[in-house]
Amino acid sequence: MSDPHDTDAVRTALAEIASLLAPAHPAVAEEVLRAHDRPHDYVNAFEGRLADRGIDEPVDDLAWIALIDALDTRGLLAEFDWKEDAQEIWARLRKLESRPSVDPWVLFEAEETLLPTEEFLHACGRRYRETGAALAVLDIESDCYPVVGLRALRADELTALAARAGFPVQHLGTGRRGR
């Protein structure tokens, strides 16, 4: 996490990330900022959601977790297990509100669907890039992949904002990882 003495910069970056990834959903930013500003209040309000993650009190990355959960609740993020099936990944990515208008699945080779989860997600990222979109993992340093979609032209902006907030982002299909 970034310097705890620069909470205003972290707060601003978190709000900008929420706006970037959920422009039509201002409640995402509200939840994230609530987790940042009033962590105990956030934990009490979202105890059911947080219990699934084993969180019952504020943790250092609570605002990042709040972002992931708020995006997921609104169909803007898909979280995959480390051993997820390619067909399940495909089905859930197609349901994202942020999916590209051009279906990248027509670009896939049959053998790509046989890849292990992480390699398949990188193949998805490469195919999304071919349509002008991008996939990024909002890393929670776990064995899962919280994946968001966005316009490829805004991927560097996401990386910069996440770095200011002190959280890692991995761009799928590019080999780039930002913090």
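A crossing of two helices is termed right-handed if the near helix is turned clockwise from the far one by less than a right angle, and left-handed if it is turned anticlockwise. Helices (H or I, at least four residues) and strands (E, at least two) are DSSP runs, numbered from the N terminus. The structure is a predicted model, in which local features need pLDDT of at least 70 and side-chain atom pairs count only at pLDDT 80 or more, whereas totals for chains, interfaces and linings use all residues. Residues are numbered from 1 along each chain as its sequence is written, and side-chain values use heavy atoms, with hydrogens and water left out.

Helix α2 passes α5 in a right-handed crossing, and the two pack at an angle of about 160° with their axes 8 Å apart, where axes are lines fitted to C-alpha atoms, for helices over the stretch in contact, and angles run from 0 to 180 degrees between N-to-C directions. This angle makes α2 roughly antiparallel to α5; angles over 145 degrees count as roughly antiparallel, under 35 as roughly parallel, 65 to 115 as roughly perpendicular and the rest as oblique. Contact, meaning heavy atoms within 4.5 Å, is made by V28, E31, V32, A35 and H36 of α2 and by L62, A63, A66, L67, A70 and L71 of α5. These residues divide into nine nonpolar, one polar and one charged, with Ala, Val, Leu, Ile, Met, Phe, Trp, Tyr, Cys and Pro counted as nonpolar, Asp, Glu, Lys and Arg as charged, and the others, Gly among them, as polar.

Helix α1 (residues 7-21) packs on helix α2 (residues 26-37) at an angle of about 160°, their axes being 8 Å apart, and the two are therefore roughly antiparallel to each other. The crossing of α1 and α2 is right-handed, and the contact draws on T7, V10, R11, L14, A15 and A18 of α1 together with V28, A29, V32, L33, H36 and D37 of α2. Eight of the residues in this contact are nonpolar, two polar and two charged.

Between α1 and helix α5 (residues 62-73), the packing angle is about 15° and the axes lie 11 Å apart, which makes α1 roughly parallel to α5. The crossing of α1 and α5 is likewise right-handed. L14, I17, A18 and L21 of α1 meet A63, W64, L67 and L71 of α5, a contact with eight nonpolar, no polar and no charged residues.

The largest pocket was also examined. Of the 20 residues that line the largest pocket, L20, P23, G149, L150 and R151 are the closest to its centre. Two or more lining residues are given by each of α1, β3 (144-151) and α8 (155-165), and the largest share, four residues, comes from α1.

Methods
On a 1 Å grid over the protein atoms alone, a cavity is a set of points where a 1.4 Å probe fits but cannot get out, and a pocket is an open set with protein on both sides within 12 Å along at least five of seven lines; lining residues have an atom within 4 Å of a point.
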